[in-house]
Amino acid sequence: MSASEIDAADEVMCTCSGTTRGQIYDLVMQGKDIDAISRWTGAKTGCGGCEWDIEVFVRALTELPSS
Ligand code: FES
């Protein structure tokens, strides 16, 4: 894993809950949808300011072509 990938994983996407990009990535890889991720992490349950960013990120991950 490169330094930039580690930095990206540590990036906080939801400041209200402290949920990082890496946490969301791991949950998506476990098959969790946005609602489940929100329940697990508390993301999107505060101010809602992260909602768009998280939805775009999750959609990009789930729409990746499987190899
Ligand atoms: S930043 Fe995610 S709910 Fe406020």
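A nonpolar core is a set of buried Ala, Val, Leu, Ile, Met, Phe, Trp, Tyr and Cys residues joined through C-beta atoms within 7 Å. Here a residue is buried if 20 or more other C-beta atoms lie within 10 Å of its own, exposed if 12 or fewer, and partly exposed in between, with C-beta atoms placed from the backbone. The structure is a predicted model, in which local features need pLDDT of at least 70 and side-chain atom pairs count only at pLDDT 80 or more, while totals for chains, interfaces and linings use all residues. Residues are numbered from 1 along each chain as its sequence is written.

**The overall fold**
- You will find four helices and two strands in the protein chain; these are DSSP runs numbered from the N terminus (helices are H or I with at least four residues, strands are E with at least two).
- Their order along the sequence is α-β-β-α-α-α.
- The radius of gyration (taken over C-alpha atoms) is compared with a globule rule of 2.2 Å times the number of residues to the power 0.38.
- For 67 residues, a compact globule would have a value near 11 Å, and the protein chain agrees with its 12 Å.
- The C-alpha atoms fill a box of roughly 35 × 25 × 20 Å along the principal axes.
- Of the 67 residues, 21% count as buried.

**The core**
- The largest nonpolar core has nine residues: Met13, Cys14, Ile24, Leu27, Val28, Ile37, Ala43, Cys50 and Ile54.
- Strand β1 (12–14) and helix α2 (21–29) each supply at least two residues of this core, and α2 gives the most, with three.
- Met13 has contacts (C-beta atoms, placed from the backbone, within 7 Å) beyond its neighbours within four places in sequence, among them Ile24, Ala43, Cys50 and Ile54.

**Helix α2**
- Gln23, Ile24, Leu27 and Val28 are the buried residues of α2.
- Looking down the axis of α2, these buried residues fall within an arc of 135 degrees, so they line one face of the helix; the arc is that of the directions from the helix axis to the C-beta atoms.
- Their cover includes β1, β2 (19–20), α3 and α4 (51–62).
- After α2 comes Gly31, with a positive phi near 90 degrees.

**A look at Ile34**
- Ile34 lies in helix α3, which spans residues 34–41.
- Ile34 counts as partly exposed because it has 19 C-beta neighbours inside 10 Å.
- Not counting residues up to four places away in sequence, Ile34 touches Ile54, Glu55 and Val58.

How values were computed:
Two residues are in contact if their C-beta atoms, placed from the backbone, lie within 7 Å.
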